[in-house]
Amino acid sequence: MAGSDDARKFYARLMAAQARSADPRIEQVFASVPREAFLGSGPWTVFAGEGRIQTPTADPSYIYQNVLVVLDADKAINNGEPLLHAMWLGKVGPKPGEHVAHIGAGTGYYTALLAKLVEPGGSVTAFELEAGLAARARTNLARYGNIEVIHGDAVANPLPLSDIIYVNAGVVAPPAAWLKALKPGGRMIFPWRPSETVGLAVLVTRLENGFACRPFMGSWFIPCVGASTAEPGAKIPTRERAARTRSIWLAAARTPDRTATAVFGDVWFSSRAVPADSTR
C-alpha cells in the first residue's frame with residue numbers, strides 16, 4: 001500500500017533522528033525492512049501508555065509509530081519500542097563485515113535490521129529461547145542469507161566470538177562468558193536490571209586492558225532466563241551507584257575493590273574507568 005510505504009519512510013526518518021548517528025544506513029534499514037512482516041497478521045494489539053489498543057485494521061501504517069506490539073500477551077513478550085532500538089543501534093554502531101550475537105531475537109524484526117547493517121560480509125547469530133517465537137523468526141528471516149536462528153539458551157550455551165552482542169532481555173549482570181565472547185574492540189549493549197527498582201541500558205566496549213562500561217538511558221525488558229536473579233551475597237547497587245559505573249571486570253582477572261558499584265559472582269562493576277595499564 002502506498003500509504004504504508006510513505007508511513008514507513010517517515011518512520012525511518014524519525015528513527016534515524018533519534019539514533020543520533022552519522023550513519024545514513026540506519027534510516028535506510030528502517031525504511032527497507034517491513035515491520036509488519038514480523039508481527040503476524042493484523043490487526044495488531046499495541047501498547048499506549050499503560051493500556052492496550054487494537055489497531056482499527058491491518059493497515060501497516062498503524063505500526064509505523066513508536067509503539068510496542070504484542071507478540072505473546074500471556075508471557076508479556078512484545079516487539080519492542082522502535083525509538084529505543086534506534087538509539088541502541090546508533091550507540092553500538094554495527095559495521096559491514098562484523099558478526100552480531102542477538103540475544104532475545106523474538107520474531108526477528110530487529111535481527112533483520114542488524115543483519116542489514118553488517119552487510120556486506122557480516123552475519124548475525126540470533127538466539128531465542130521461546131520455541132514458538134524462534135520458529136516464527138526462522139520463517140520471517142529465511143530470505144536473509146546472513147542470519148542463523150538458534151532456538152536455545154544463550155546463557156547456558158556458548159556464544160560465537162562477536163563484534164557486537166545485542167541483548168534484549170534484562171540481566172543482573174552479563175555472564176562472564178558473554179564478556180569473553182567479545183572480540184577486541186567489540187561492543188555489548190544490554191538492559192542492566194540488578195534489582196526491581198534499577199533498569200539501565202548499558203554499552204560495554206572491550207578494550208586492551210578491560211571492559212569500559214557506560215550506562216546511558218533507562219531501560220526495562222523482560223528478565224533473561226538464567227541471568228536475572230542475584231545470588232546470595234551479591235552487592236546490589238542503588239540506581240545512583242549503578243549510573244556511576246564506568247567499567248566491568250571478570251573477578252578471575254581482578255578482585256573487587258573499593259570502587260565496586262556492584263558485585264555478582266564472576267562479574268563486578270566499578271566506578272573507575274579502565275586504566276591505560278590495568279596492572280596498576
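Me: Why does R20 count as exposed?
Reply: This is a predicted model, and in it R20 has a relative accessibility of 68%. Exposed means over 50%. The value of 68% passes that mark, so R20 counts as exposed.

Me: Where does R20 lie?
Reply: R20 is in the loop between α1 (2-19) and α2.

Me: What makes the phi of R20 worth a remark?
Reply: Its phi is positive, about 55 degrees, and R20 is not a glycine. Most residues other than glycine have a negative phi.

Me: Which loop holds A76, and what is its phi?
Reply: A76 sits in the loop between β3 (68-72) and β4 (77-79). Its phi is positive too, about 55 degrees, and A76 is not a glycine either.

Me: Why is A76 called partly exposed?
Reply: The relative accessible area of A76 is 42%. Buried would need under 20%, and exposed would need over 50%. A value of 42% falls in between, so A76 is partly exposed.

Me: How do you know that the bond joining G42 and P43 is cis?
Reply: Look at omega: for G42 and P43 it is about 0 degrees. P43 has its place in the loop between α2 (25-32) and β1 (45-48).

Me: What is omega for the peptide bond from E119 to P120?
Reply: Omega is near -5 degrees there, and this bond is cis. P120 belongs to the loop between α4 and β6 (123-128). Most peptide bonds are trans.

Me: What makes α4 mostly covered?
Reply: Eight of its nine residues are buried. They are Y109, Y110, T111, A112, L113, L114, A115 and L117. Each counts as buried because its relative accessible area is under 20%.

Me: Which residues touch the most other members of the largest nonpolar core?
Reply: They are F30, W88, L89, Y109, L113, L141 and Y166, in a core of 50 residues. Helix α4 (residues 109-117) gives the most to this core, with seven residues. In soluble globular proteins, nonpolar side chains tend to be buried together.

Me: What is L141 in contact with, leaving aside its neighbours within four places in sequence?
Reply: L141 is in contact with F38, G108, T111, A112, I147 and V149. Contact here takes heavy atoms within 4.5 Å.

Note on methods: Residues are numbered from 1 along each chain as its sequence is written. This is a predicted model: local features need pLDDT of at least 70, side-chain atom pairs count only at pLDDT 80 or more; totals for chains, interfaces and linings use all residues. Side-chain values use heavy atoms; hydrogens and water are left out. A nonpolar core is a set of buried Ala, Val, Leu, Ile, Met, Phe, Trp, Tyr and Cys residues joined through side-chain atoms within 4.5 Å. Buried means under 20% relative accessible area, exposed over 50%, partly exposed in between (1.4 Å probe, protein chains only). Helices (H or I, at least four residues) and strands (E, at least two) are DSSP runs, numbered from the N terminus.
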